[in-house]
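Please look over the model below.

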Amino acid sequence: MKIEQIELRRIALPYVAPFETSGWRELASHALLVRVEADGVVGWGESPVGIGPWYNEETSSTAWVMAQEHLAPMLLASELNRPEDVAAVYARVRGNRMACAGFEFAVWDLFGRATGQSLRSMLGGQRERVEVGVSVGVQPDLDTLLRVVGDYVAAGYQRVKLKIKPGWDLEPTRLVRETWPDLRLQVDANSIYTLDHAAHLAKLDAYDLLLIEQPLAHDDIVDHAKLQRIVQTPICLDESIVSPDHARWALELRACGVINIKPSRVGGLHAARQIHDMAAAAGVPVWCGGMLETGIGRAANVALASLPNFTLPGDISASARYFARDIVTNPFVLNADSTLTVPDAPGSGADIDVDFLDQVTVEKVILRGRLAG
Ligand code: SMG
Ligand code: MG
């Protein structure tokens with residue numbers, strides 16, 4: 001199969017509430033969207049990049065340039081026999097994995113729609129529903145935190161993740177744990193601490209957490225291995241695991257007890273599935289992280305999370321937790337058992353709301369392959 005045309009869009013889609021981590025605050029999705037077309041079939045993918053280089057090195061602008069100058073031309077010049085071939089097309093690209101992932105997702109979607117297979121079945125997923133939780137950003141004060149968590153618990157979320165940072169860690173965690181003794185609870189530091197904080201972080205062991213996510217540097221594995229020997233709660237790596245090799249290094253060093261897999265962070269679903277398989281072989285559970293995706297990226301995450309070793313709830317909340325209106329006509333809704341239903345329609349199953357998408361699109365370009373001869 002040869003991709004004949006690629007449409008790229010940048011969007012600005014406001015969140016229902018600002019999202020604040022240990023290091024930055026986001027007000028809207030600035031994702032890059034990729035639409036690929038071949039033989040009259042269309043596939044969509046999302047690169048959930050942020051406005052600034054705060055989560056990782058990529059931004060909405062770097063992805064936009066990479067997509068037009070390199071990634072789209074490389075894909076248009078390639079012959080694809082299966083979605084996994086996209087990883088080989090981009091093997092020469094250093095970094096820029098979120099930008100690459102948007103194209104890879106779009107090709108999976110295209111192949112699924114062309115062959116009538118759901119993304120779940122193409123990936124080898126088994127579950128029809130996947131367990132999910134909600135990620136709660138840093139709040140202005142403890143009262144607000146209790147109200148926000150209480151609203152999510154009332155909405156049916158059975159697992160909550162708290163963003164933490166120095167000065168907003170032990171006390172919020174203690175309070176939420178005391179208020180909801182049976183809640184599945186975990187924390188995420190987004191790389192704000194150092195090994196000097198090891199004794200402080202070990203105090204989190206008192207709160208029966210599922211895991212402590214990415215406490216140390218975004219590109220560290222070695223110090224996390226040292227920290228895991230001091231802290232009893234499983235360390236979960238997010239930012240540090242950008243490829244299957246990084247997962248292998250972390251597993252070999254026993255740097256974590258859990259891995260957060262975001263297919264966008266590792267360049268796509270093929271690499272994500274390799275990490276899943278490697279972790280399963282090592283007896284390390286994984287769960288699907290989130291980048292506040294629209295319905296397009298969310299569908300890829302939900303399909304991935306149906307694989308067997310995704311045994312912890314994902315950061316894949318219902319669409320309404322992020323957006324007043326999504327850019328798909330079939331947004332995900334939360335089931336009463338704190339799950340999302342995995343689509344079984346061909347491809348990702350996301351149906352694009354083109355009219356609304358046009359309203360939130362800030363830039364759009366179309367690239368075509370060179371005609372043969
Ligand atoms: O998609 O529900 C979601 C957000 C989950 O907390 C979340 N993601 O480090 O895991 C993480 C953060 C990164 C967010 S960057 C905007
Ligand atoms: Mg994280």
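Of the 17 residues around ligand 1, which come nearest? They are S135, K161, N190, L292 and Y322. A residue is near a molecule or strand if one of its heavy atoms lies within 4 Å of it.

This is a predicted model, in which local features need pLDDT of at least 70, side-chain atom pairs count only at pLDDT 80 or more, and totals for chains, interfaces and linings use all residues. Residues are numbered from 1 along each chain as its sequence is written, chains are lettered from A and ligands numbered from 1 in the order in which they are written, and side-chain values use heavy atoms, with hydrogens and water left out.

**Ligand 1**

| Residue and part | Distance to an oxygen atom of ligand 1 |
|---|---|
| N190, side chain | 2.7 Å |
| E213, side chain | 3.2 Å |
| M291, backbone | 3.4 Å |

On its own, ligand 1 has 440 Å² of accessible area, and the protein covers 99% of that (Shrake-Rupley method, 1.4 Å probe; for residues, only the protein chains shown count as cover).

**Magnesium site**

Ligand 2 is a magnesium ion. Its protein donors are D188 (OD), E213 (OE) and D238 (OD), at 2.1 to 2.3 Å. Donors are N, O and S atoms within 2.8 Å of the metal (3.2 Å for Na, K and Ca); water is not among the atoms, so sites may look incomplete. Along the chain the donors follow the spacing D-x24-E-x24-D. D188 sits in strand β9 (residues 184–188) and E213 in strand β10 (residues 212–213), so this pair, 25 residues apart, links distant parts of the chain. Strands (E, at least two residues) and helices (H or I, at least four) are DSSP runs, numbered from the N terminus. Both D188 and E213 are buried. Buried means under 20% relative accessible area, exposed over 50%, partly exposed in between (1.4 Å probe, protein chains only).

**Cysteines**

How many disulfides are there? The count is zero, with a disulfide taken as a pair of cysteine sulfur atoms within 2.5 Å. The sulfur of C100 is too far for a bond because the closest cysteine sulfur, in C288, is 19 Å away. For C288, the closest is in C236, at 11 Å, also too far. C100 is buried at 6% relative accessibility, and C288 is buried at 1%.

Definitions and conventions. Polar contact = N/O pair within 3.5 Å; in protein donor to acceptor, adjacent residues only side chain to side chain.
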